[in-house]
Amino acid sequence: MIPHNKSTMGAEEESAALRVLRSGQLSQGPEVEAFENEFCRFVGLPSGHAVALSSGTAALFLALWTLGAEKRKVSFPGYVCSALRHAVNMVGGFEDIVDVAEGSPIVDLKKIEKNQISIVPHMYGIPADISNFMDTQIIEDCAQALGAKINGISVGLHGEAGIFSFYATKLVTTGGQGGMFVSKKKDLVDAVRDYREFDYRRDAKKRFNFQMTDLQAAIGREQLKKLPRFLSRREEIFQKYKKAGLELLDVKPSDTHLSPVRYRAVMKTNGPRKIIDSLESVGVKTIVPTEDWELLGERDLLPNALRLSRETVSLPIYPSLSDEEVEIIISKVLRK
Ligand SMILES: *Cc1c(COP(=O)(O)O)cnc(C)c1O
């Protein structure tokens with residue numbers, strides 16, 4: 001069976017985990033701090049500007065909280081995972097659901113109202129072009145786009161704040177669950193760090209337990225070291241699919257200032273079910289990346305999202321996928 005997605009774990013992650021288990025220091029401590037600072041270096045922020053958290057959804061909630069989203073309108077696309085809606089509801093914000101641009105998994109920036117908070121996901125590793133987008137407080141959802149860049153600068157650094165996920169199937173994982181908040185603005189970073197834990201505090205501010213453990217961070221540090229290799233192998237596979245003539249969601253060729261990462265190889269097709277069934281018959285798992293029933297909000301108001309959900313299939317793309325497996329997938333898709 002060729003699975004649709006798979007994490008890449010090796011001896012390095014195993015010995016890092018063992019090191020922490022044997023040290024007796026398991027909860028948030030020096031490994032978390034080192035992971036945060038290595039993450040800062042990777043995305044191009046000064047040390048201290050990243051906060052490790054229990055999940056990407058926790059990071060979204062905290063980003064919304066620090067921007068004061070309670071009782072304010074928060075826009076986000078209808079074509080996305082429901083984590084966004086849950087975070088907005090938990091903070092007490094008002095949903096403003098927006099369609100994606102035609103033929104694209106990226107939210108239609110023209111439809112975002114000014115003077116509100118907006119969560120903009122870089123879906124499937126494709127950066128949303130927010131370089132000239134103003135008058136809106138943007139939270140960049142980089143859960144699927146670690147390593148992607150806009151004008152040579154990492155995603156997550158173009159809006160007020162950025163969030164990342166280290167869930168098992170994301171570009172890197174901290175062992176199943178995990179997240180990161182980043183911002184250029186130190187006051188936002190400090191506010192998130194303050195909210196993350198509540199022991200030994202002498203005031204009565206709102207707080208919660210959103211911590212990452214040292215065990216998770218130690219695994220994440222090894223994964224981060226391997227990320228450049230992961231990304232180049234993913235790019236290789238993406239280009240093999242393209243060369244074979246498959247039509248994949250990607251940045252426009254003219255958008256040379258956008259550097260995507262290949263989180264997903266999402267193919268456009270009129271018959272997604274036929275492709276899914278035919279690949280299943282040779283032991284290859286493919287999925288509709290965002291199903292029509294997963295769309296958030298009124299479908300009638302999301303014609304582009306609805307069409308995309310019905311005309312796409314997500315093909316396997318991960319570092320451990322072999323060339324032979326890629327060839328099997330290509331030949332089956334072409335012969336469907
Ligand atoms: C995975 C994901 C999230 C949520 O992250 P978790 O770590 O699973 O909580 C949010 N947004 C997008 C776009 C995601 O892909």
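Modeller: The protein chain is assigned domain 1 (11-222) and domain 2 (228-334), with bounds that come from an automatic or database domain assignment. This is a predicted model, in which local features need pLDDT of at least 70 and side-chain atom pairs count only at pLDDT 80 or more, while totals for chains, interfaces and linings use all residues. Residues are numbered from 1 along each chain as its sequence is written, and side-chain values use heavy atoms, with hydrogens and water left out.

Biologist: What makes a set of residues a nonpolar core, and which residues have the most contacts inside the largest one?

Modeller: The term stands for buried Ala, Val, Leu, Ile, Met, Phe, Trp, Tyr and Cys residues joined through side-chain atoms within 4.5 Å, where buried means under 20% relative accessible area, exposed over 50% and partly exposed in between (1.4 Å probe, protein chains only). The largest such core has 84 residues, and Phe39, Leu64, Leu146 and Phe181 have the most contacts inside it. Its largest share, seven residues, comes from helix H3 (residues 56-66), helices being DSSP runs of H or I with at least four residues, numbered from the N terminus.

Biologist: What makes H3 a mostly covered helix?

Modeller: Nine of the eleven residues of H3 are buried, among them Gly56, Leu60, Phe61 and Leu64.

Biologist: Why is Ser55 called a cap of H3?

Modeller: At the N-terminal end of H3, a side-chain oxygen of Ser55 lies 3.3 Å from the backbone nitrogen of Thr57. A polar contact is a pair of N or O atoms within 3.5 Å; within protein, one must be able to donate a hydrogen and the other to accept it, and residues adjacent in sequence count only if both atoms are side-chain atoms. The 3.3 Å distance therefore falls within that limit.

Technical notes: Helix = DSSP H or I, 4+ residues; strand = E, 2+ residues; numbered from the N terminus.
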